[in-house]
Amino acid sequence: MKKPIVTLLLGATVLAGCGTGNKPADGAGAKNAGTVAWTRCTNLTGADGKPTAPPPGVECGKIQVPLDHAKPEGEKIDLALIRVKATGDDRLGSLVFNFGGPGGSGVDTLALAARAFSTPGTRYDLVSFDPRGVERSSGVKCGGQVEKLLEAESDADGDRLAKEFAAACQKDSGKILPYVGTVQAAKDLDLLRAALGDSRLNYFGLSYGTHLGAVYATHFPKNVGRFVLDSAFDPTVTFEERAVTQATGFDHAFEAFAKDCVAQSCELGADPAAVEQTVEQLLTKLKDQPLKVGDRELTYGLAQLAVITPLYAKSTWPMLEQAAAAAIKGNGTAMLTLADSYTGRKPDGTYTTAMTSLQAINCADNAERPTAAQTAQINERIKSIFPILAAEASSGACAHWPVPGDDTAKRIDATGSAPIVVIGGKGDPATPYQWAETLTRQLKTGVLVTYEGEGHGAYLTGSGCVTKAVDMYLLNGELPTQNTTCPA
C-alpha cells in the first residue's frame with residue numbers, strides 16, 4: 001500500500017508602531033494615492049480552490065521590484081498586489097498584511113479575510129501581496145514534485161526524492177531561488193510602502209508574517225509605522241528546536257481539542273483519552289488500509305495533515321471531530337479536503353506554490369543543511385512527543401537545495417523604530433508563546449500582549465480584549481501597556 005512521504009519542512013507550520021496618544025504616525029492621513037495602477041482582479045482563488053470573482057471594493061495591481069536588490073537597476077520581477085479600499089472618509093493610509101507561510105498568497109487570503117479586519121478597514125486601505133517566490137510573484141515551481149512526494153511509498157528512498165525535488169525546483173525556478181529570502185522580501189516591502197504613498201509602513205503580520213515584519217523593522221527602523229506582529233515566530237531557533245517546540249504545541253492543542261470535544265458531546269469518545277485514542281487508531285488503520293475517496297485515497301500521511309490542520313484554531317476543532325467520525329464510518333472526503341487545504345491542492349488536481357515556496361524560503365533563510373540522518377533523529381524526537389506530526393519517512397529538507405542558505409534574516413534588532421506590538425498566545429500550537437517573548441526582546445522596541453486562549457492568530461480568535469488592544473492602537477495610536485494580558 002502507498003503511504004505518502006509527507007516532507008515536513010521542519011518549521012513549515014509557522015510562520016511581524018507608532019507613538020502613544022491620538023497623533024497618527026508620520027505619513028498617516030496622507031492623501032497621496034501612490035503610484036500603483038489598481039484595476040479589477042481577474043485571477044482570484046476562493047476557499048474551495050476554484051476561481052472566484054472579487055468581492056466589492058477589491059482591486060488588484062502590481063509593482064516591479066529588483067530580482068536582486070544588490071543590483072537595483074538590474075532585472076525586475078512583478079509583485080502582485082491586492083487592495084480593499086478604506087470604507088470611511090478619515091483615511092490613515094494603507095495597512096499592509098502578510099498572513100504567514102512562508103509561501104501563503106496574500107492576494108487570495110486578503111480577498112477572503114478582509115471582513116475580519118473591517119474595523120481597521122474603516123480608516124486604512126487593506127493591502128496584501130504575493131511575496132517574491134509565491135504564486136503570481138514568480139512563484140516557485142518544482143515540476144509536479146509535491147504530488148510525487150505525497151504519493152511516494154513509505155519505504156521509498158527519501159534522500160533520493162529530496163534530490164529529485166531540489167533538481168526540479170532548480171530546473172523550473174532556478175532564476176528566483178537565490179532571491180526569495182526574507183531580507184529580499186523586506187526590501188520589497190519598503191518599495192511597496194513608497195508605491196502606496198506612505199512615508200511609514202503600517203503593517204499587520206501573522207505567523208511567518210511576524211518574521212517578515214521583524215526583518216523589515218531591523219533594516220528600516222525609521223520607516224516603521226503602526227506595526228502588529230501576531231503569533232510571533234523566533235527566527236533564531238534551529239530546525240530541531242523549531243520542530244520539537246511545535247510538536248509540543250500541537251500535542252497540547254490535540255489534548256485541548258479532545259477535552260473540548262467531550263464537553264460538547266463528542267462522537268469520538270466519552271472522555272479525552274478515548275477521543276485521542278480513536279483518532280490515533282483511525283490513522284494507524286490507514287497505514288495499511290487507505291480509504292478510497294473517488295479516484296483518490298485517504299492515506300496515513302494525508303490523514304496526518306487532516307488532523308493537524310484544524311488544530312490551528314479552536315473554531316475549526318469541530319471540523320476535526322466531524323471529519324474523523326465520517327472517516328471511521330468509511331467516508332474520507334472531509335479529511336481529504338482538510339489535507340488538500342494544507343498542501344494547496346486544487347479541485348483540478350494541480351497545486352498552488354504554497355509547499356514549494358515554503359521550502360524555497362525556509363532554505364534561503366537558513367545556512368543549516370540537516371542531513372537525512374540528522375532529520376531522522378529529529379523525527380524520532382517528534383514521535384516521542386506527538387507522533388501524529390512525525391513523518392513516515394524523512395529526508396533533509398534543505399540538504400540538497402541548489403542554492404546556499406543565509407542566516408542574515410535571523411538577526412533582529414529594531415532599535416530606533418516606533419513601538420511594535422507583539423502578540424503571543426498561550427495555546428498557540430504553531431508559534432508557541434515563548435517565541436513571542438523572545439521576539440519582543442530581540443526587537444528592543446517590542447510591546448508584548450499575551451492571549452491566554454487557544455489558537456493560532458490571536459486577533460482572529462474573537463477575543464474582545466485582543467481586538468480592542470489592536471484596533472485602538474491601529475486607529476488611535478494608543479499603545480497597549482507592556483505585558484498586557486487578555487483572558488481566553
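Tutor: A salt bridge is a side-chain nitrogen of Lys or Arg within 4 Å of a carboxyl oxygen of Asp or Glu. The model is predicted, so local features need pLDDT of at least 70 and side-chain atom pairs count only at pLDDT 80 or more, whereas totals for chains, interfaces and linings use all residues. Residues are numbered from 1 along each chain as its sequence is written, and side-chain values use heavy atoms, with hydrogens and water left out.

Student: How many salt bridges does the structure hold?

Tutor: Side chains of opposite charge can pair when their charged atoms come close. The structure holds 19 salt bridges. One of them joins Asp125 to Arg83, with the closest N and O atoms 3.9 Å apart. Asp125 belongs to strand β7 (residues 124-129) and Arg83 to strand β5 (residues 76-84), so the pair ties together parts 42 residues apart in sequence. Strands (E, at least two residues) and helices (H or I, at least four) are DSSP runs, numbered from the N terminus.

Student: At what angle do the axes of α4 and α5 cross?

Tutor: Two packed helices are described by the angle between their axes and the distance between the axes. Here the axes of α4 (residues 182-196) and α5 (residues 208-219) come within 9 Å and cross at roughly 75°. That makes α4 roughly perpendicular to α5, a term for angles of 65 to 115 degrees. Axes are lines fitted to C-alpha atoms, for helices over the stretch in contact, and angles run from 0 to 180 degrees between N-to-C directions.

Student: Which residues of α4 and α5 meet?

Tutor: Contact means heavy atoms within 4.5 Å. Thr182, Val183, Ala185, Ala186, Leu189, Asp190 and Arg193 of α4 meet Tyr208, His211, Leu212, Val215, Tyr216 and His219 of α5.

Note on methods
Angles under 35 degrees count as roughly parallel, over 145 as roughly antiparallel, 65 to 115 as roughly perpendicular and the rest as oblique.
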